[in-house]
Amino acid sequence: MNPPLELENRPLVETSRTGLSKACLQRAFLDNLFFVLGKFPGLASQHDYYMALAYTVRDRLLARWADTAETYMQQGSRTVVYLSAEYLLGPHLANNILNLDIEKPLRQAVAELGLNYDALIEQEVEPGLGNGGLGRLAACFLDSLATLEIPTLGYGIRYEHGIFAQDIVDGWQVEKTDTWLRSGNPWEIVRPEWSVEVKLGGHTERVDDLHGRTHVRWVPGRSVLGVPYDTPILGYHNHTANTLRLWCAKAVESFDLSTFNRGDYWGAVHRKIESENLTKVLYPNDEKIEGKELRLAQQYFFVSCSLQDMLRIMHVQGIPLRRFHEKFAVQLNDTHPAIGVAELMRLLVDEHDMAWTTAWEVTRRTFSYTNHTLLPEALEQWPASLLARLLPRHLEIIYEINANFLDGIRWACLGDTETVARLSLINESGERYVRMAHLACVGSHAINGVAVLHTELLKQDVLTDFHAFMPEKFSNKTNGVTPRRWLALANPRLASLLGRHLGEGWLTDLKRLRELEPLADDADFRAEWRDIKRANKVRYAAYVRRVTGIALDPDTLFDVQVKRIHEYKRQHLNLLHIVARYHRIRSDPGIDLAPRTFIFGGKAAPSYTIAKLMIRLVTAVAEVVNRDPVVNGRMKVAFVPDFNVRTGQALYAAAELSEQISTAGKEASGTGNMKFMMNGALTIGTLDGANIEIREEAGAENFFLFGLTAEEVAQRKRAGYDPMHYYHANPDLRAAIDLIRDGYFSRGDGALFRPLVENLLHHDPYMLCADFQSYVDCQMAVDEAYLDPEHWTRMSILNTARSGKFSSDRCIREYCDEIWRVEPVPIGRDVRPLLVSSTCVG
């Protein structure tokens, strides 16, 4: 309903709902505390005050959100749809305050009420809706899409329990349930009116219509309801607020009264419990068939909900379905949403009676696919028997897509059966499996890797047959990270220094960091740079002391490796160097090495035994090293538990050396390496993932390179790699491994780390032994550089100055121009008067 004319012509005034002055913010804060939370100051807790502050900030988002949605609807804007099973958003409050540019008046408003602003910011519980880099990349992309004013809908899953909270007990990782929703989430708005029904199980039937055409009807075994929860994603210093829509599973009928009346109390609520389990937890353990089925059901659930929601939007905007690909550019964030190819076909053909060939053309032109892995075990495959049971119609559609696709391949390769078998969507070497990456490749118009090396290895190895037949689909889009969170929020001292020298606008044009290069030769600037880094180290050391009891010396080199714990990421190579270094100092106390603090963080998958043992080795080495008076003041080791976005912000600002030491050819890109670089840390790394491009940008002289190349790794493996050769030939390697094997770090228990040691000596799939000496030599170069503070500071400044390429803004512009073909849609400010508001009096 349109507002009355007198309201339309009313002058806009600052209101307690949208005003940005200190007076308006203060009044809004108190109003929300009383009218939304039902509390008054004498009764309110710190969490109540946080919620009042969050609602106050959210109010400012809602006006922008409504304006954005109305503009997109009126213009029928082409929209980017990002389908991702993970979003590691991090805390919302400080990020939204930064984007609204209201920290100063908000601090004043809160301080005048006798409250600590920083303490309230820390009250927010972080939503852990992802496992690591994949989910964090999705969050960075949403930030850039809003900042660049690109119409966007992000779709995912509203997991009730996200990634586990990590504790360290007796040196071992202990997983604790994540309860991010326990005290409510002020940032989301539930939209029950847009709920959709999702079918599962059952069977299919074929029915002929009056014209003799055969139609397929899916008769489900059960259905669940997908309920959308919307979160606004605000752009930086603009009026755009895009939407992240997360789906929550509910029962179609939550309580069966007739069953209850028969005395079957469990049966009356069983369907509700079964349905809601679908989005209960992030990524269930998929070692057992029940876990596999639940994981596939999760992926299908959110994809089906999202595609049905897009069809609803098409209907509301009056756009014909044959133009679906013109309205939406849908990006598959890895293979998790790849079942969407079959689901869109089902919806168009079965539900909307579109001809198969037309539907396939629409589908193929709608989707594009980002591959995020080079590890064969990470390329999802689902047993065909599982799909037949859970998604019978989709398996039929996949078979038909495959048959049509392979007909063309046979013609093109003159019936080469080996090539046909490799390209098939179905892996028939044993039990039948559906290859989800193949489905994504065939059903998309574009395929991209996330670093130059990664993309080349996709073309040469993982997806080489697809590249041979459809090279035009392939491109590279090197990942990026948002400088708003990872520089401005993470490192406000550094951001302030940059702002003084670069002026306005650099946070949305990160190429301007290059203007810092001449300042690397300015002694006063270098001194201020060092002061900021040390202040960040002091702050982080206080946090580590609080959570671990370990006292870190801020005057030592902070050497950091934080990432998911995995053998290919080689945390144990880092440990071998630490043990070798410890052995060298004990053997020669006079050796001239820079004093170092080695910091580890990251989570191991609960069922990944070797990764959990790697964490135990870190803590075991720390226990010995940290209490040894011979090395006191020269080295210290800390494993900091529960690494997440919030703790990452503080650590990236404090770090001085970034360990990016994966086996060459195994890491797709990495984004932690980019965050470290932006904050002035130097990288020690292999030629893997985005490290190659970081080295190109920073300059080889400002990067510590070691290790085999991807090509050399492959050559060594083909020649018959023997880790025992390196063990016998290298006394430092042998001494380090023997200390671990003989129980020096486990109170004489030689059995504790035997699985890790045996794997290294007899298999070493990620070639630690081959890279060990090169790594140790490179670490000596790090020591030499750090012992010259002026030289190190200059290198640090140049790393930040040359990090502009790794902004997610650059990456998103490339997607927009080369894959999605979408243009910015600026949102006008204050396009609607507020109908219910109160004015603020300063």
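Reader: Quick one to start: which residue in S9 stands opposite Val190?

Author: It is Tyr229 that stands opposite Val190. Before going on, please note that this is a predicted model, in which local features need pLDDT of at least 70 and side-chain atom pairs count only at pLDDT 80 or more, while totals for chains, interfaces and linings use all residues. Residues are numbered from 1 along each chain as its sequence is written, and side-chain values use heavy atoms, with hydrogens and water left out.

Reader: And how many bridges join S5 to S9?

Author: Two bridges join strand S5, residues 189-190, to S9, and these strands run antiparallel. Strands here are DSSP runs of E with at least two residues, helices are runs of H or I with at least four, and both are numbered from the N terminus; two strands pair if DSSP finds at least two bridges between them.

Reader: Which residue in S9 is the bridge partner of Glu197?

Author: That partner is Leu225, and strand S6, residues 196-200, pairs with S9 in the antiparallel sense over five bridges. In the hairpin of S9 and S10, six residues lie between the strands, and His237 takes a positive phi near 55°.

Reader: How many residues of S9 are buried?

Author: Strand S9, residues 222-234, is mostly covered, with 11 of its 13 residues buried. Buried means under 20% relative accessible area, exposed means over 50%, and partly exposed lies in between, with a 1.4 Å probe and protein chains only.

Reader: Changing topic: in what order do the six strands of the open sheet come?

Author: The order is S20-S19-S18-S21-S22-S23, and the pairing is parallel. Strand S20 (635-639) and strand S23 (704-705) stand at the edges with a single partner strand each, so one side of each has no neighbour in the sheet. Further in, S21 (657-660) and S22 (682-685) pair over four bridges, Leu657 having Leu682 as its bridge partner in S22.

Reader: Which strands does helix H23 lie across?

Author: Helix H23, residues 571-587, lies across S18 (557-562), S19 (596-601), S20 and S21, and it runs at about 155° to S19. Helix H24, residues 609-625, packs on the sheet as well, touching S19 and S20, and its direction makes about 145° with that of S20. Axes are lines fitted to C-alpha atoms, for helices over the stretch in contact, and angles run from 0 to 180 degrees between N-to-C directions; contact means heavy atoms within 4.5 Å.

Reader: At what angle do H23 and H30 pack?

Author: H23 and helix H30, residues 731-741, pack at about 100°, with their axes 9 Å apart. Residues that meet there include Leu576 and His583 in H23 and Asp732 and Leu733 in H30.

Reader: Last topic: which residues in H21 are buried?

Author: In helix H21, residues 492-502, the buried ones are Leu494, Ala495, Leu497, Leu498 and Leu502. They cover an arc of only 160° around the axis, which puts them on the same side of H21; the arc is that of the directions from the helix axis to the C-beta atoms. The buried residues of H21 pack against H20 (483-489), H22 (523-548) and H26 (672-678), and just after H21, Gly503 takes a positive phi of about 80°.
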